[in-house]
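Here's a quick walk through the bonds and charge pairs in this one. Have the viewer open while you read.

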Amino acid sequence: LMIRPKVGSSLEIVFNKSDSKSYEKYVTALDGFLRPYDDLIQAQKNIHCRPGEYLIQPDNILEKKACQFNRTTLGECSGKNNSSFGYNEGKPCVLVKMNRIIGLEAGGGSNPVVNCTSKVS
């Protein structure tokens, strides 16, 4: 499980929507993280999989394939329509990446719950 943006060792995100310098590091981190997921790169590198189906591969395959994950599927959090990822509106995008390696499959039992709240000082 990975949370992005991650800047430094803290998962705390502190910014002022009126001050672009205060969230610039988060925007830069998100854009860098998402760059490999640009649609063109995914089309060249990974295979198209049918939605809702898992790509199950035998353990004895040396080079594993990966399904495409196109950045544009993130909508407003893709950074394509809003290059500030919502930070300039006070609606920051926070991405949770769950690798299938941990064995979690959608609909395969309990779904994880993630709560994002504002900190009260």
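This is a predicted model: local features need pLDDT of at least 70, side-chain atom pairs count only at pLDDT 80 or more; totals for chains, interfaces and linings use all residues.

## Cysteines and charges

**Disulfides**

The count comes to 2 disulfides. A disulfide is a covalent bond between the sulfur atoms of two cysteines. Here are the two pairs with their sulfur distances.

| Disulfide | S to S distance |
|---|---|
| Cys49 and Cys67 | 2.0 Å |
| Cys77 and Cys93 | 2.1 Å |

What is the handedness of the Cys49 and Cys67 disulfide? The torsion about its S-S bond is about -85°, so this disulfide is left-handed. Both Cys49 and Cys67 sit in the loop between H2 and S2, and the pair links distant parts of the chain, 18 residues apart.

Now for Cys77 and Cys93. The torsion about their S-S bond is also about -85°, so this one is left-handed too. Cys77 and Cys93 both lie in the loop between H2 and S2, so the pair ties together parts that are 16 residues apart in sequence. Cys77 is partly exposed, with a relative accessible area of 22%, whereas Cys93 is buried at 5%.

**Salt bridges**

On the charged side, the count comes to 5 salt bridges. Let's look at a few of them.

Glu24 pairs with Lys21, with the closest N and O atoms 3.6 Å apart. Both residues belong to helix H1 (residues 20-34) and are 3 residues apart, about one turn of the helix. Are these two partners buried or exposed? Lys21 counts as exposed because its relative accessibility of 63% is over 50%, and Glu24 is partly exposed, with a relative accessible area of 41%.

Arg71 forms a salt bridge with Asp38, and their closest N and O atoms are 3.0 Å apart. This pair links distant parts of the chain, 33 residues apart: Arg71 is in the loop between helix H2 (39-45) and strand S2 (95-97), and Asp38 is in the loop between H1 and H2. How accessible is Arg71? Arg71 is buried, with a relative accessible area of 3%. Asp38 counts as buried as well, at 19% relative accessibility, which is under the 20% limit.

Lys80 also forms a salt bridge with Asp38, the closest N and O atoms being 3.5 Å apart. Lys80 lies in the loop between H2 and S2 and Asp38 in the loop between H1 and H2, so the pair ties together parts that are 42 residues apart in sequence.

**Around Asn70**

One more stop: Asn70, found in the loop between H2 and S2. Leaving out residues up to four places away in sequence, Asn70 touches Tyr37, Asp39 and Gln42. Asn70 and Ile41 are 29 residues apart in sequence, and their C-alpha atoms are 8.7 Å apart in space.

Technical notes:
Residues are numbered from 1 along each chain as its sequence is written. Side-chain values use heavy atoms; hydrogens and water are left out. A salt bridge is a side-chain nitrogen of Lys or Arg within 4 Å of a carboxyl oxygen of Asp or Glu. Helices (H or I, at least four residues) and strands (E, at least two) are DSSP runs, numbered from the N terminus. Buried means under 20% relative accessible area, exposed over 50%, partly exposed in between (1.4 Å probe, protein chains only). Contact means heavy atoms within 4.5 Å. A disulfide is a pair of cysteine sulfur atoms within 2.5 Å.
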